[in-house]
There are 4 protein chains.
Amino acid sequence: MAERYPDGMHGAIAAGLTELLGDAVTITRATQDQPENGLDEGLLATTDVLTWWGHATHEDVDNAVVDRVHQRVLGGMGLLALHSAHFSKIFRRLMGTTCSLAWRNSGDTELVWTVNPSHPITAGIPQPIVINEHEMYGEFFDVPAPDELIFLSTFSGGEVFRSGCCWRRGKGKVFYFSPGDQAYPIYHHPDIKRVLANAVLWANPERGSDFAPPAVADMPAPHLHRGALPESIEA
Amino acid sequence: MAERYPDGMHGAIAAGLTELLGDAVTITRATQDQPENGLDEGLLATTDVLTWWGHATHEDVDNAVVDRVHQRVLGGMGLLALHSAHFSKIFRRLMGTTCSLAWRNSGDTELVWTVNPSHPITAGIPQPIVINEHEMYGEFFDVPAPDELIFLSTFSGGEVFRSGCCWRRGKGKVFYFSPGDQAYPIYHHPDIKRVLANAVLWANPERGSDFAPPAVADMPAPHLHRGALPESIEA
Amino acid sequence: MAERYPDGMHGAIAAGLTELLGDAVTITRATQDQPENGLDEGLLATTDVLTWWGHATHEDVDNAVVDRVHQRVLGGMGLLALHSAHFSKIFRRLMGTTCSLAWRNSGDTELVWTVNPSHPITAGIPQPIVINEHEMYGEFFDVPAPDELIFLSTFSGGEVFRSGCCWRRGKGKVFYFSPGDQAYPIYHHPDIKRVLANAVLWANPERGSDFAPPAVADMPAPHLHRGALPESIEA
Amino acid sequence: MAERYPDGMHGAIAAGLTELLGDAVTITRATQDQPENGLDEGLLATTDVLTWWGHATHEDVDNAVVDRVHQRVLGGMGLLALHSAHFSKIFRRLMGTTCSLAWRNSGDTELVWTVNPSHPITAGIPQPIVINEHEMYGEFFDVPAPDELIFLSTFSGGEVFRSGCCWRRGKGKVFYFSPGDQAYPIYHHPDIKRVLANAVLWANPERGSDFAPPAVADMPAPHLHRGALPESIEA
């Protein structure tokens, strides 16, 4: 992996985004071994979109950090959950399901097919994306039915996977994308870089976001009073 | 085909439903070469679920018959559109899209994967259904995103297809299922028979259906009047 | 409340289900003050559909019980979350969001409108259901977009609420229904009883359910091998 | 109406878009009384987003024009169907349903509630939009369940309507928005102007669109051959 990703997985992901989005993005790297897993309040408070790649050590992520990221997503921050992040604490909490799947690591060819051609995440993506060798992730993928299904992957072993899925949670947007195993040079693949760049733009909060998660609203006054507008909301 | 389906495609489909549903269903066969394509008003008026298989001669189906079936579906009748019925007039009208797809007839192996395990159409279905040889139908399948995605098919050529999809239209339910080419003995496959039987039960109208398509309601009186209930609807 | 519900909320809910479903259901009552909140392993292992009503003391529910119910839902058990159960631990965990909403308790008239007339939960339900007086629950309701939106409620104050929503999670089905405040005789309302009875039937697990939550499948062998079927799955 | 909309409905809609989007849009007006209903091939070929307002004379729109607009939407053009355009030929064809609804013209107050706060169409929109007087459009609205439900309207009469809905059809995006009756100054309302401007940006085709509707793809070669990539698609 050190050979394939001399600058780390996060380095390769960052390089792809910089290549395609240029000055439109400012990228900060955070790693699990840093204090607060690199995601302190100050950093999160200035983060519009968070990409999350993790593997094997999900349980070591601090629950307080997960709480913080969860609140930030519900308040409007975009989240890209990549590959084995299907088992990250934050993704499982946002989904409410086991997020389990079928898998096999035997260098299958993976083809990534677009099934949502008017979606911005698919702009400029060939039909299909060809990944010569990759780990197989297969169905049943135990997630809520995506709000928008974007990509389906097939594998030379005959399996299938909903490999690109969008959900909205609170005021935030979540995109899961399965290509990205550490044993293959996926993040150097030009089409994969394009998907990630498109997804960052899609997941970006709408202008004017206040990043406050939805909260209980105690409404003392009715909006309509005896069929007429109360003075307070008369337009 | 005469060898494979000595009683016709419709005969094989009917036999499968009878085998699995027994007295719960009464089956009438209609064929395109009959007057009114076999679908006169009297028959439709007593039909709860219509299965539609057609090929190549879709354009010869009478538009008045399509209008009639369309109204019946919107009024509550279930519709199973099978295989090449993706290009039938009735299915295209219900979808509003081209319903085009990719295809190749080269005896691919098809695997049918369940992605909705709590859906009644998947009850008793193995993961995956194995079809040794079949025509390939692949993405992009130009249909509206299904209300419920049930099955995904992969092919030995690497393609993928949303092969089992549910939509609700008006008061009626529509299920599209792609396995079923005339050149292969698909409708004798025990798992395929099970899918069709499950789908007939799912598409069956709810009890108390009046089979009237939704219509404009001219509402003279408000439901609430100055914040209180009008006498007419006081519960 | 003792006057309105002399047999408790759960007693009224049970009575309605018994009235409409008769011998088709066997009902067991569990209350929060019982050991393990009344939901021990033995009871859950024989429960097909769980109705959950709770208020104010959600935080006192044992986390181990919530874990157990969560696993049972993912394994196939149906769940009806009623009214203030929007803030129950189990519902929030299944949704992954805050589940917050707007509210006001001022005896508004509530009208419950059907927007999914082919759905079994709406069978026999008038358009609209009229509830003379009820607590107002309004938007924004912070839940994932429902897989199927069934009912919308309006209030004499002008507010709106997605009051009947279906989701699938794992192998299980979840229905949230907002009418049901303890200060009003909602569960004696004939239409509300009908909705609950319909929902219990809808949420019932499919036949043959094994109640095992989805789990990781380590697939050693490809389903297709060099474009052909491996012997092990040759049909 | 001439007093309220001295420059026509289309003039008011155009003025709102110009005010909010400025040079980002170039607006051309087309009216039903023009040759080819103002929508000749040349104009459509340069149109990215089409707003459609119509009333009463839907049947007089030329079917050939509807075919042309339909193909253009499936090829990627965005469509905003406004108010009584629910009964336009183009909208009904894209939906496949009756598109009928309940209505009453008695100057109800309408409140438009956001139920999808992370959607770009809701950016900068208050909760709720207050429309002092408007025609009532109510459920049941016979359209396919929207891919994304954005707005719900309530009326002082107690009715409810899914007043802002998104669908994807082919490569194109469709937004229906119900506020906009000719008897009320709706299109001068600042929040309504904002919704329309947001919707135009959302419905805009993705960069690189070729505007070719999806078509049948006859695939001679498999994408995978005996578990490996054929030379033709080797990446």
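**Group meeting: how the chains pair up**

Okay, let's start with what isn't there: across the interface of chain D and chain C, the rule finds zero salt bridges, a salt bridge being a side-chain nitrogen of Lys or Arg within 4 Å of a carboxyl oxygen of Asp or Glu.

Before I go on, some housekeeping. This is a predicted model, so to speak of local features we need pLDDT of at least 70, and side-chain atom pairs count only at pLDDT 80 or more, while totals for chains, interfaces and linings use all residues. Residues are numbered from 1 along each chain as its sequence is written, chains are lettered from A and ligands numbered from 1 in the order in which they are written, and side-chain values use heavy atoms, with hydrogens and water left out.

Back to D and C. What do we find there instead? There are four residue pairs in polar contact between them, both residues at pLDDT 80 or more. By that I mean a pair of N or O atoms within 3.5 Å; within protein, one must be able to donate a hydrogen and the other to accept it, and residues adjacent in sequence count only if both atoms are side-chain atoms.

On the chain D side, strand 3 (102-114), strand 5 (148-155) and strand 6 (160-169) are the elements giving two or more residues. Strands here are DSSP runs (E, at least two residues), numbered from the N terminus. That side of chain D divides into eight nonpolar, six polar and four charged residues. Nonpolar is Ala, Val, Leu, Ile, Met, Phe, Trp, Tyr, Cys and Pro; charged is Asp, Glu, Lys and Arg; polar is the others, Gly among them.

In total, 18 residues of chain D are in contact with 18 residues of chain C, meaning heavy atoms within 4.5 Å. The buried area is about 1,500 Å², with carbon and sulfur atoms giving 71%; that's the accessible area (1.4 Å probe) the two parts lose on being put together, summed over both.

Now chains A and C. A rotation of 180° with 0.0 Å of shift along its axis puts A on C, RMSD 0.0 Å, using least squares on C-alpha atoms of residues with pLDDT of at least 70 in both. That's the relation of a two-fold axis. In chain A, the C-alpha nearest the axis belongs to A:Gly96, 2.7 Å from it.

How values were computed
Helix = DSSP H or I, 4+ residues; strand = E, 2+ residues; numbered from the N terminus.
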